[in-house]
Amino acid sequence: MPADTPAMGENLKINGERLWDSLMEMAKIGPGVAGGNNRQTLTDEDSEGRHLFQKWCEDAGMSMGVDEIGNMFARREGTDPDALPVYVGSHLDTQPTGGKYDGVLGVLGGLELIRTMNDLDIKTKHPIVVTNWTNEEGTRYAPAMLASGVFAGKHTLDWANNRVDADGKKFGDELERIGWKGTEKVGDRKMHAMFELHIEQGPILEAEGKDIGVVTHGQGLRWIECTVTGKESHTGSTPMHMRKNAGRGLALVTELVHEIAMANQPNAVGAIGHIDVYPNSRNVIPGKVVFTVDMRTHLLDKLNAIVAEFNERAPKLCEDIGVDFSCEIVGQFDPPAFDKGCVTAVRNAAERLGYSHIDIISGAGHDACWINLMYPTAMIMCPCVDGLSHHEAEEISQEWATAGADVLMHAVLETAEIVS
């Protein structure tokens, strides 16, 4: 639809207070201990959040579909029964100590655009579908973006269903337990395009004083799960030269990851987040440490190079101190370049609405990265305070949320084609 169509003017905006109220209401489900959320995937809290989202969607006149991996699809019909839908959405699951906005803004921002369309009696040629993707975070069940990865054909459904958490509980069993295993075949749905609204999870937009990040690329990612094996022994009675300290291997590899990332600046990052130490006792030298290296860049050649360097150097570091090293990649995707047409729709929307904006590269992985392999896709970002995310102190303003949802609505309506 042309940008100068009257129905797409700068006065067309979502109800920011209603969106904010919805965010706060969802945040009551699975509250964290420090003001955020603990609504991990396939928990009872996840199920409760899903039920609330379903109720809101049905109240807005949408029909709900659920596929075999639990992805939720709330549909508002278009005027053309043969037109492919425009999809929006993100995820409702959180980190164990997560914030109220990561993922949730994208889902409820999509719901709000439907509510606004209902308020203004706006019709579109293409249907619009608001999506909640299962297990985006990947904390309880690795890898991240698991269900959208199955949707995009990057993982098999059987493989996903057999993933286990730290307690040995299988993904498929837990999905059935909470009652959200649907009947649709995963990946059968076709899309005209997809848009995902998300908080930046970084400091750039706030530091630059910009309202909107127009996401042109995403970072590629490699999660490398490593095991360093030494020998458990008493910390007081084992001579230093006779120790096989797996914890020391972790320390050396931690510094190696930092060194490799720094040597490949700009546009490369690396860190170790998840760590399990065995037996994790004050007076026992660790006999085994299992940890995950997270390496990212939006440049594929650089990503492959830093992983290759890590794989070459890490075993030697451990060998030199008498401990064993092994690793495997447990999560990966190559850097996506988002669809130019969808990116232009986002940029047009920001300009039409008078919001300041810059092009940005997403530092985190998102479901949109997988869907981009199949269908035209783009992302919209709004600032978050101090760039803090995956933390209970994650914070955004109502104004930032509103601006992001305004841009989402305009980009979606341009793509779905308003029918006058």
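What follows is a conversation about how the parts of this model are arranged.

Trainee: What kind of model is this, and what pLDDT do side-chain atom pairs need in order to count?

Mentor: Residues are numbered from 1 along each chain as its sequence is written, and side-chain values use heavy atoms, with hydrogens and water left out. This is a predicted model, in which totals for chains, interfaces and linings use all residues and local features need pLDDT of at least 70, whereas side-chain atom pairs count only at pLDDT 80 or more.

Trainee: Which domains does the assignment give, and how far apart are their centres?

Mentor: The bounds come from an automatic or database domain assignment, which gives domain 1 as 16-218 + 336-419 and domain 2 as 220-333. Contact (heavy atoms within 4.5 Å) involves 12 residues of domain 1 and eight residues of domain 2. Taken over C-alpha atoms, the centres of domain 1 and domain 2 are separated by 33 Å.

Trainee: In what order do the eight strands of the open sheet with mixed pairing stand, and which strands are at its edges?

Mentor: Helices (H or I, at least four residues) and strands (E, at least two) are DSSP runs numbered from the N terminus, and two strands pair if DSSP finds at least two bridges between them. On that basis the eight strands form an open sheet in the order 1-2-5-3-6-15-7-14, with mixed pairing. Each edge strand has a single partner strand, so one side of it is left without a neighbour in the sheet, and these edge strands are strand 1 (63-66) and strand 14 (357-362).

Trainee: Which strands does helix 3 lie across, and at about what angle does it run to strand 5?

Mentor: Axes are lines fitted to C-alpha atoms, for helices over the stretch in contact, and angles run from 0 to 180 degrees between N-to-C directions. Helix 3 (residues 104-120) lies across strand 2, strand 3 (86-90), strand 5 (128-132), strand 6 (193-199) and strand 15 (377-382), and its angle to strand 5 is about 155°.

Trainee: Is helix 1 parallel or oblique to helix 3, and what is the handedness of their crossing?

Mentor: Helix 1 (residues 16-27) and helix 3 pack at an angle of about 140°, their axes being 10 Å apart. That angle makes helix 1 oblique to helix 3, given that angles under 35 degrees count as roughly parallel, over 145 as roughly antiparallel, 65 to 115 as roughly perpendicular and the rest as oblique. A crossing is left-handed if the near helix is turned anticlockwise from the far one by less than a right angle, and right-handed if clockwise. The crossing of helix 1 and helix 3 is right-handed.

Trainee: How does helix 2 pack against helix 3, and which residues of helix 2 make the contact?

Mentor: Helix 2 (residues 44-59) packs on helix 3 at about 15°, with the axes 10 Å apart, and that makes helix 2 roughly parallel to helix 3. Helix 2 passes helix 3 in a left-handed crossing. On the side of helix 3 the contact is made by Val-107, Leu-108, Leu-111 and Arg-115, and on the side of helix 2 by Phe-53, Trp-56 and Cys-57.

Trainee: In what order do the four strands of the antiparallel open sheet stand, and which residue is the bridge partner of Ala-271?

Mentor: These four strands form an open sheet in the order 10-12-8-13, whose twist averages 20° from one strand to the next. Strand 10 and strand 12 (residues 288-297) pair in the antiparallel sense over eight bridges. In strand 12, the bridge partner of Ala-271 is Asp-294.

Trainee: Which residues are joined by cis peptide bonds?

Mentor: Most residues other than glycine have a negative phi, and most peptide bonds are trans. A cis bond with omega of about 0° joins Gln-265 and Pro-266, where Pro-266 lies in the loop between helix 8 (246-263) and strand 10. Another cis peptide bond, with omega of about 5°, joins Tyr-278 and Pro-279.
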